[in-house]
Amino acid sequence: MYVNFSEQLWIDFDLEVEYFLRHIVSWLGYNASKDNPEHRNFHEGQYWSFNSYPEYAKRLPGFSSKQIRTITARAIKGGLLIVGHFNKKKYDNTNWYTLTEKGWKYFEREARKLYPDSFVDSDNGDTELDTPAQTGRPPAQTGRPIPIKPNSLGSNNTITTSARSSSSKSKPTEFMREMIDVYRETFPNNPQPHPRLISTSLQKTLQTLIKRWPEADPNGSPLDIPAFRRYMIAMRDYAPNFSLSEYTTAAGRKKKNGMETFCRWDTLVKFLENQYS
């Protein structure tokens, strides 16, 4: 498992594109760190990475050169990659790659390191394993609740908690298992977490939700199981197209959203803003 995973890119495209672009970004950062300017692969105001498809396949275990070609084509078609040719020998047709402005918005932290004065200025940034995707943020607390659909989470149309619970702080693993049980009950036909182990990515996602939940609660109350159950039921009942229906990935596969998607902070915010209606 690698860090600084761009979850939003995975959602918008697919995991293979995310993995390949992460690889490109890491090489761009490496090139920028070189002491010798001639070796930095800096052209037309940007850093570039180049390699043949077979070489990429060697560096990315589990992928063939044909698969790399297909993944690259999807990234280019999706407006994420720019192809350049800066080879010294005219007969050398090796492609050079760098990210487009759209592509960099998924890797905002890296972009700011490479191009401090760059065009990137977006809240749709890179998502670390312990950081929620920045595709949406709740309004500043002004004493007014965030509006949501009637009767979804609480009697006054806000996230409410029937009882404050210290479980999320004192026993995070036990609390997370209770959250998983609630998800299983509510979404028995959706992708299910491992029956015994909590993956690192899911654990980080739940930690973030637990930590930031009071930001969405008008009273600043911590997350407890009754409140989480209301959220899961509301997601099922008021956003069925998002929570229950299948969607087709860029690779043509049929998928359903699962617990990790539902528990991302930006998913909660979008739901509260009725973006999944």
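Entry 1: I began at a strand pair, where Gly84 stands opposite Trp96 in β5. My helices (H or I, at least four residues) and strands (E, at least two) are DSSP runs, numbered from the N terminus. I found 4 bridges joining β4 to β5, and the two run antiparallel. I count two strands as paired if DSSP finds at least two bridges between them. The sheet here is open, has 3 strands in the order β3-β5-β4, and pairs antiparallel. Because β3 (49-50) and β4 (81-84) are the edge strands with a single partner each, one side of each has no neighbour in the sheet.

**Entry 2: what I am looking at.** A reminder to myself that this is a predicted model, in which local features need pLDDT of at least 70 and side-chain atom pairs count only at pLDDT 80 or more, while totals for chains, interfaces and linings use all residues. Residues are numbered from 1 along each chain as its sequence is written, and side-chain values use heavy atoms, with hydrogens and water left out.

**Entry 3: confidence.** I checked pLDDT, the predictor's confidence in each residue on a scale from 0 to 100. The protein averages 77, and 77% of the residues score at least 70. I take contact to mean heavy atoms within 4.5 Å. Where pLDDT is low, the predicted coordinates should not be read in detail.

**Entry 4: the whole chain.** I noted 13 helices and 7 strands in the protein. Of its 277 residues, 47% count as buried. My cut-offs are under 20% relative accessible area for buried, over 50% for exposed and partly exposed in between, with a 1.4 Å probe and protein chains only. Among contacts between residues at least 6 apart in sequence, 61% join residues at least 24 apart.

**Entry 5: helices on the sheet.** Back at the strands, I saw that α4 lies across β4 and β5, running at about 110° to β4. Axes are lines fitted to C-alpha atoms, for helices over the stretch in contact, and angles run from 0 to 180 degrees between N-to-C directions. How do α2 and α4 pack against each other? Helix α2 (residues 15-33) and helix α4 (residues 65-77) meet at an angle of about 90°, with axes 9 Å apart. That makes α2 roughly perpendicular to α4, a label that covers 65 to 115 degrees. On the α2 side the contact uses Glu16, Val17, Phe20 and Leu21, and on the α4 side Ile68, Ile71, Thr72, Arg74 and Ala75. By class I get 6 nonpolar, 1 polar and 2 charged residues. Here Ala, Val, Leu, Ile, Met, Phe, Trp, Tyr, Cys and Pro are nonpolar, Asp, Glu, Lys and Arg are charged, and the others, Gly among them, are polar.

**Entry 6: a covered helix.** How many residues of α13 are buried? In helix α13 (residues 265-272), 8 of its 8 residues are, among them Trp265, Asp266 and Lys270. The cover includes α1 (7-12), α9 (200-216), α10 (225-238), α11 (240-243) and α12 (259-262). Thr261 is found in helix α12 and is buried, at a relative accessible area of 15%. Leaving out residues up to four places away in sequence, Thr261 touches Phe242 and Thr267. After α13 comes Asn274, with a positive phi near 60°.

Entry 7: Asn41 has a phi near 55° and sits in the loop between α2 and β1 (42-43). Glu44 has a phi of about 55° and sits in the loop between β1 and β2 (46-47). Which is buried and which is exposed? Asn41 is buried at 15% relative accessible area, whereas Glu44 is exposed at 67%.

Entry 8: Leu197 is exposed, at 58% relative accessibility. Its C-alpha atom is 9.4 Å from that of Arg177, 20 residues apart along the chain.

Definitions and conventions
Angles under 35 degrees count as roughly parallel, over 145 as roughly antiparallel, 65 to 115 as roughly perpendicular and the rest as oblique.
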